[in-house]
Amino acid sequence: MNLLGLYNYWVFAVLLMIGFYAVVAKTNLVKKLMGLSLFQAAVFLLYITMGKITGGTAPILQKGVSDAVFSNPLPQVLILTAIVVGISTTALGLGIVVRIQEEYGSIDEKDIQEIDRR
Amino acid sequence: MTILDAHLPVLPVVVPMLIAPLVIMLRPRGLAWAAATATSSMAFLIAMALAAGALDGEAQRYALGAWAAPYGIELSVDSFGALLLLILTGASTLALLAGKASLDQQLEADRQPLFLSAWLLVLAGLSGILISADAFNIFVFMEISSLASYILVAGGPDRRAMPAVFKYLIMGTIGATFYLIGIGLVYMMTGTLNLTDIQVRIQDVSDLRPILVAAGFITVGLGLKAAVFPLHVWLPNAYNFAPHAATVFLAACATKVSLYILLSFDFVVFQQNLIGHEMQFAAFLMPLAVLGILAASAVALFEPNIKRMLAFSSVAQIGYILLGASMVSLLGMTASLMHMFNHALAKGALFMAVMCLAMRFPSLELDALAGAAKRMPWTMGAFVVGGLSLIGIPGTAGFTSKWYLITASMEFGGAGWLLVAVIVLGSLMAVAYIWRVVEVTCFRQPETGPVEVSEAPRLMLTVTWLVALANVYFGLSPWLQTRLAEGGARMLLGEMP
Amino acid sequence: MSAQTTILLALCVPLIGAALIGLAGRVSPNLREAATLSTSLLLIAVVWSLLPDIFAGLRPAVTLSEVLPGISIAFQVEPLGMMFAALASGLWLVNSIYSIGYMRGNREQHQTRFYVMFAVSLAATMGIALAGNLFTLFLFYEMLTLSTYPLVAHKGDPATVRSARVYLGVLIFASIALLLPAIVWTYLVAGTGDFTPGGILAGHIDGPLIGLLLALFVFGAAKAAVMPMHRWLPSAMVAPTPVSALLHAVAVVKAGVFVIMKVIVYIFGVDFLFAAPSSGWLTFAAAFTIIAASLVALRQQNLKRLLAYSTIGQLSYIVLATATLKPLAEVGAAIHMVAHAFGKITLFFAAGAIYTASKKTELGQLHGIGRRMPVTMTAFTIGALSMIGVPPTGGFVSKWFILAGAFQADNYVVLATIILSTALNAAYFLPIIYLAWFGRDRTPPGKEHGEAPFAAVLALAVTAFLTLAFFFFNQPLIELESQLVRGAVAGPEAL
């Protein structure tokens with residue numbers, strides 16, 4: 001097994017866990033969202049990595065060239081969609097954080113729970 | 001009519017999705033609501049047509065843009081999907097019909113068009129999940145519906161809706177992302193995203209680790225979205241603080257659609273192809289289902305807020321659905337699918353009754369509702385009927401799935417008797433928390449002085465009773481959910497329909 | 001009119017009547033009372049019209065709809081159910097007359113709700129009596145629990161609501177936790193739940209599982225009050241007395257023992273059960289309940305609670321007799337349903353009459369009351385003697401049959417239990433009667449009273465008369481119930 005060849009997948013796993021840790025352990029809502037973005041970015045990396053074919057080039061048809069080896073375009077398309085979804089989610093999340101700031105005066109989860117308990 | 005028939009499978013998504021942006025522009029009072037309700041009713045009619053087709057036995061297939069599968073995106077409506085489409089569109093239509101007065105009460109007039117537009121997007125997204133036969137397409141629609149449902153939940157007037165929806169957003173996104181990882185791994189190993197194609201190709205690679213990992217990611221991710229215990233923590237607050245009409249809609253169908261994908265993947269795609277997977281499925285999900293039933297029911301027993309109590313009850317009912325599925329038998333699976341339908345009926349009636357109560361009572365804490373039955377006898381009557389269906393009294397819809405569940409548990413052998421005890425215990429706890437409400441509302445003296453009958457608005461009350469009576473009708477004559485559920489169960493377990 | 005229509009009418013009449021009573025209640029109390037009485041008269045006409053067919057040996061049946069595959073709502077009339085339906089409908093009329101006197105005499109609240117739920121409860125009772133399979137039986141059994149709840153919680157004050165909670169809690173717990181699994185299990189192993197002479201379980205289940213299934217049925221049918229599923233009965237005493245009379249003579253308790261009898265005769269089969277050693281525990285459970293209930297009754301000071309515990313004991317007579325699994329005892333069990341009904345309803349009517357006239361509820365207050373309320377106390381005496389089993393009351397007839405059956409089976413446990421409990425019954429009833437007639441009247445001056453309202457007195461006179469009459473005119477009933485054992489029990493035992 002070529003460990004170095006699987007470098008991308010290691011990065012994916014590490015990023016995934018860093019993002020996940022941030023989501024779970026941080027109490028600041030914006031930091032949670034940052035973690036979520038990181039989490040999703042790791043998945044983007046996974047998809048793009050799997051699309052790369054050894055020796056493959058960008059999947060663009062060129063006149064006259066008929067025997068080129070292309071990388072798989074499908075994961076790239078999928079990931080564009082997922083990026084859009086991720087952005088929408090982050091935007092929505094930040095909007096909610098703004099509203100929470102307006103209502104509670106804080107964006108720290110601990111403070112919010114404290115205020116709600118009263 | 002043939003053009004319509006040919007494109008029928010895609011209409012449940014197209015119709016709401018086209019009208020959603022138009023609704024934003026409808027500023028005059030009530031017009032947005034009327035447009036949303038009309039759209040939802042159209043979707044319901046389309047769902048009925050699709051269900052009629054599914055009852056005939058054939059799964060209806062459709063290729064988007066006429067690109068043939070497996071390269072194009074394929075849609076497919078089978079018994080299971082048709083059953084849930086009926087629940088989804090029906091719940092949406094009835095919730096909108098009943099909820100007009102409630103929405104007027106809880107939302108400012110200028111925010112309603114935006115809210116209703118999001119509602120239609122949820123409808124479109126969830127419909128899309130149910131008709132898709134392509135794994136990534138499911139992801140896209142799942143996120144469309146999720147994002148829109150975050151907006152629905154955030155519409156609630158209580159400021160605690162904000163932290164609730166934030167938690168919902170975080171957990172929902174993690175769940176969806178896990179699902180994305182899962183199908184990424186599947187694509188990596190099989191090279192296709194079309195569900196039928198995956199089923200074929202996965203047989204060659206079914207013992208390789210990425211597939212097992214993928215199965216794990218998909219199960220956990222969808223479990224998060226379906227509020228499977230212990231990943232359910234987002235649900236009680238989200239349902240509690242959402243506007244009442246939105247709760248009726250979401251409680252009836254949102255988690256069930258996630259369960260649909262979960263069961264479809266785990267049974268159609270993985271089950272028959274994974275060595276030892278059957279054992280893992282049952283061994284993994286059954287204890288979670290049992291814990292969900294018992295723990296959630298126990299919490300509901302002590303919850304003072306009616307809406308939150310019903311939300312916990314929903315978590316318990318999801319446990320029932322999973323319990324049936326985890327038995328991996330025809331009877332158990334049929335029970336599970338039937339319970340999706342029956343629970344939607346029962347919870348729909350209950351949450352609608354709560355919506356009626358909220359029209360006249362400022363607080364939904366049990367103590368504040370003392371003597372409510374004297375002021376709103378018809379509302380509490382509907383609540384009792386819905387409650388009886390939830391408990392599983394014979395003559396109501398809830399009984400039919402309980403009967404199948406108990407029979408399936410007895411057939412299961414071995415630990416089956418323990419499962420019977422769990423099911424029974426869950427029902428008894430449901431008796432306790434429903435009857436707590438009955439006692440307080442019927443027999444305790446109201447806080448404020450003399451009481452006149454001041455019922456909910458007529459439309460809301462009529463629709464609530466319609467749903468309550470539907471519980472009785474489908475309890476005495478459960479032909480619809482039995483046939484569709486059995487067809488779906490056969491399909492999931494791989495037998496010929 | 002065909003028998004099928006009649007069966008369905010037996011259910012529809014009380015239900016439609018309930019709606020009419022509710023509407024009439026908005027117009028005037030007299031109209032409402034008229035509606036109740038006419039509904040009950042109509043029900044008697046409908047139900048009793050089935051008698052000739054049953055006597056002739058016919059068993060009319062009708063299936064309404066199939067709910068789930070293999071499980072349908074179906075009705076079938078057979079001797080036991082016929083008797084139960086006829087008893088319930090007949091006594092409803094008398095009870096309604098009594099209720100009018102009681103409710104008006106005590107100026108009770110929510111009378112319309114009371115009469116409406118009564119009618120619904122009767123509809124449920126008819127459903128139980130005429131059920132043709134386990135599912136239908138269970139459906140109406142649960143309906144009865146739910147429809148009697150508002151009746152038990154009628155007064156609405158916190159203590160009543162608490163007791164009503166116990167009532168509902170015990171009954172629902174037993175039916176969901178025990179009875180439902182038993183029914184599902186039966187359908188699973190036998191493939192059907194239809195009541196069939198000779199039973200349906202032979203060959204499908206054996207060994208200790210038979211005893212277990214029987215236990216689930218017996219304790220699941222908590223309305224039969226076999227200990228420890230008896231707590232609901234004393235708790236139900238918070239209800240107005242017409243409800244107690246209906247519950248303890250007619251509908252609820254008889255539904256419980258009815259379920260047990262039908263299950264033993266038509267699901268297990270008397271012979272099948274007799275051959276199964278694991279079923280023997282039932283005799284001991286019933287015997288224990290009888291003795292324990294009688295002992296507790298001895299210590300009661302509240303009249304209605306005493307009658308409640310007496311009922312628990314009397315119900316287990318029926319269970320005990322059924323458990324003997326011999327023809328004479330089975331007939332005795334069936335007849336005791338009627339004899340006890342007449343006697344107990346009389347006793348409760350008397351208790352309610354005493355309360356209406358004087359607000360007295362404790363035994364200590366009843367000294368000398370026989371001289372103030374002679375008609376009431378005569379009826380009470382007759383009822384009590386019937387409970388003890390003294391001729392010329394109806395209770396004697398059924399006890400005779402049960403004893404004969406016990407002899408036939410050489411069942412000394414049953415014999416001993418009946419003898420001992422008879423003595424105990426006498427021990428707690430006779431002092432009441434003696435002191436009522438011959439005791440020193442301790443009514444404080446200013447609280448003098450006479451008889452109860454006329455309607456109440458009329459009703460209890462009628463039931464007392466029936467208790468006596470049953471001693472003399474019981475042949476048709478015995479004949480009817482012999483059909484039960486002739487069809488259900490194979491064997492050359494002559495009756």
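Me: What angle do the axes of α5 and α10 of chain C cross at, and within what distance do they come?
Reply: In this predicted model, the axes of helix α5 (residues 111-130) of chain C and helix α10 (residues 241-250) of chain C come within 12 Å and cross at roughly 5°. Axes here are lines fitted to C-alpha atoms, for helices over the stretch in contact, with angles from 0 to 180 degrees between N-to-C directions, and the helices (H or I, at least four residues) and strands (E, at least two) are DSSP runs numbered from the N terminus. The two helices α5(C) and α10(C) are therefore roughly parallel to each other, a label for angles under 35 degrees, while over 145 counts as roughly antiparallel, 65 to 115 as roughly perpendicular and the rest as oblique.

Me: Which residues meet there?
Reply: From α5(C), C:Phe114, C:Phe118 and C:Leu122 meet C:Pro242, C:Val243 and C:Leu246 of α10(C), where contact means heavy atoms within 4.5 Å. By class, that contact has six nonpolar, no polar and no charged residues; Ala, Val, Leu, Ile, Met, Phe, Trp, Tyr, Cys and Pro count as nonpolar, Asp, Glu, Lys and Arg as charged, and the others, Gly among them, as polar.

Me: What are the numbering and confidence conventions, by the way?
Reply: Residues are numbered from 1 along each chain as its sequence is written, and chains are lettered from A and ligands numbered from 1 in the order in which they are written. Because this is a predicted model, local features need pLDDT of at least 70 and side-chain atom pairs count only at pLDDT 80 or more, whereas totals for chains, interfaces and linings use all residues, and side-chain values use heavy atoms, with hydrogens and water left out.

Me: Switching to chain B, how do α17 and α18 cross?
Reply: The axes of α17(B) (residues 397-412) and α18(B) (residues 416-443) come within 7 Å and cross at roughly 155°, which makes α17(B) roughly antiparallel to α18(B). Their contact has eight nonpolar, three polar and one charged residues, and among those that meet are B:Lys402 and B:Leu405 in α17(B) and B:Trp417 and B:Ile423 in α18(B).

Me: Back in chain C, in which sense do β1 and β2 pair?
Reply: Strand β1 (residues 61-68) of chain C and β2(C) pair in the antiparallel sense over six bridges, pairing being assigned if DSSP finds at least two bridges between two strands. In β2(C), C:Phe75 is the bridge partner of C:Val62 and C:Gln76 that of C:Ala61. The hairpin has two residues between the strands, and C:Gly70 takes a positive phi near 85°.

Me: Is β2(C) mostly covered or mostly open?
Reply: Strand β2(C) (residues 71-76) is mostly covered, with five of its six residues buried; buried means under 20% relative accessible area, exposed over 50% and partly exposed in between (1.4 Å probe, protein chains only).

Me: How many aromatic pairs are there over all chains?
Reply: The structure holds 39 aromatic pairs over all chains. One of them, B:Tyr168 with B:Trp234, is stacked, at 4.5 Å centre to centre and 5° between the planes. Rings of Phe, Tyr and Trp (its six-membered ring) pair if their centres lie within 6.5 Å, and planes under 30 degrees apart count as stacked, over 60 as edge-to-face and the rest as tilted. Both B:Tyr168 and B:Trp234 are buried.
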